[in-house]
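Hi everyone, thanks for coming.

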Amino acid sequence: MIPALTAAAALLTACGGGADASKADQPATKVTVTPAAGKTPAKLGSQISVRADGGKLTSVEVENDKGGKVAGELSGNGAAWKSDGKVMPDTMYTVRTKAKSDGGKESSATSKFTTEEAGKVNKLTNTPSGGQTVGTGMPVSILFDNPIAKDRQAEIERALKVTTQPKVEGSWGWVKDYSGKDRIDWRPKDYWPSGTKVSVKGALSGLNSGDGGWFARDYNFGFTIGSDHKAVIDVPSHTLTMYENGKNVGSITGSAGSPQDPTRGGVHTVRSKNAAETMDSATIGHGSEWMLDSKWVTHLTASGTFLHSAPWNKQLGQVNNSHGCFGMSTSDAKRAYDFLTIGSTVEVKGTTNTNQTDVGNGLEVWQESWQQWQQRSALK
């Protein structure tokens, strides 16, 4: 016969052993990953989601075969995780999870899936390029290499974020580029303050751009606003006056467009510059009338409104007789070229040209009022 104390001790030991065994025998948390692993590629436009039944997720790590980590958010109770963005075309994803059951049992699992190929991948070209220092009139300009369907514009616009330091008010606007391609620009309400730091992020990966096109990556670039350099062309007086931080720092005489080809009015943004260039009449609809070599060429519109040297013109400062450009002596053209940076503005006053330059004809965002510009947003 076992003494009572010994029997009680044996009973406690047996109960303890039974509890450990029970915990070990508990089912693990059921973890479901969507899209599921398998031979059928996941559909484009899908988000990655993970669900835990009978427990909670303690860790979710997702990466793609291009070396990228996929960001996502775990719900407060740990029952679910969802990716921030959507899957990229023609990509394999690996999903690694850790979970703990309601009874405390820990488990881990790995799931892999691939995605469909895209009919065509939509890429973009951003202006300015990352790291540039630009003038106070420069917009953020994003040119797409494939069309953007009208019903896709709002989602794409929401995926694009502009952050500035200091904070600057601005808005996106959809534009048809002079090349015929789709474009979206972000301009501040007023000219940038000098020294502003601008960051642009596009969470476009996996978004449908329409007509069989998809974005395959995210974008991230930044630039800085430099000194406030502007110019004003007064057509009747044949002058270009330069301003630095609002102060007149010098004037140049030259020749604007003739009455037959008047210079385009309004505020233009310097889009590019060339130290030397051949002026070809065929590019602006004048056939083979001339082919002239020019230096210190500052480009305004895409259609051919330039500031440039015009050593062949013997009436500079006296008569407006160009074909829409503002011609100067070679030395004065260099002064303007050196003073004006990419993104500086050049305002043309007193011209007889009453046609408003289309926004897509260069970086012409200042041709419209702030109210007009806001109407170009797909989120208005």
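**The pocket and the rings**

The biggest share, four residues, comes from β5. Keep in mind that this is a predicted model.

How much space lies in that largest pocket? About 570 Å³. There are 26 residues lining it, and D84, G85, K86, S205 and D218 are the closest to its centre. Sorted by class, the lining has ten nonpolar, eight polar and eight charged residues.

Okay, on to the aromatic rings. The structure holds seven aromatic pairs. Take W192 and F223: their ring centres are 6.4 Å apart and their planes sit at 90°, so we call this pair edge-to-face. W192 is in the loop between β14 (182–188) and β15 (197–202), while F223 is in strand β18, so the pair links distant parts of the chain, 31 residues apart. Both W192 and F223 are buried.

Here's another edge-to-face pair: W296 and Y337, 5.1 Å centre to centre, with 65° between the planes. W296 belongs to strand β24 and Y337 to helix α3, so this pair ties together parts that are 41 residues apart in sequence. Is Y337 buried or exposed? Its relative accessibility is 13%, so Y337 counts as buried. W296 also has K334 over its face, at 5.0 Å from the ring centre.

Key. Residues numbered from 1 in each chain as written. Predicted model: local features only at pLDDT ≥ 70, side-chain atom pairs only at ≥ 80, totals over all residues. Heavy atoms only, no water. 1 Å grid on protein atoms, 1.4 Å probe; cavity = no way out; pocket = protein on both sides within 12 Å on 5 of 7 lines; lining within 4 Å. Points joined across faces, edges and corners; volume = space filled by probe spheres on them. Helix = DSSP H or I, 4+ residues; strand = E, 2+ residues; numbered from the N terminus. Nonpolar A, V, L, I, M, F, W, Y, C, P; charged D, E, K, R; others polar. Phe/Tyr/Trp six-rings, centres within 6.5 Å; stacked < 30°, edge-to-face > 60°. Buried < 20%, exposed > 50% of the residue type's maximum accessible area, 1.4 Å probe, protein only. Lys NZ or Arg CZ within 6 Å of the ring centre and 35° of its normal.
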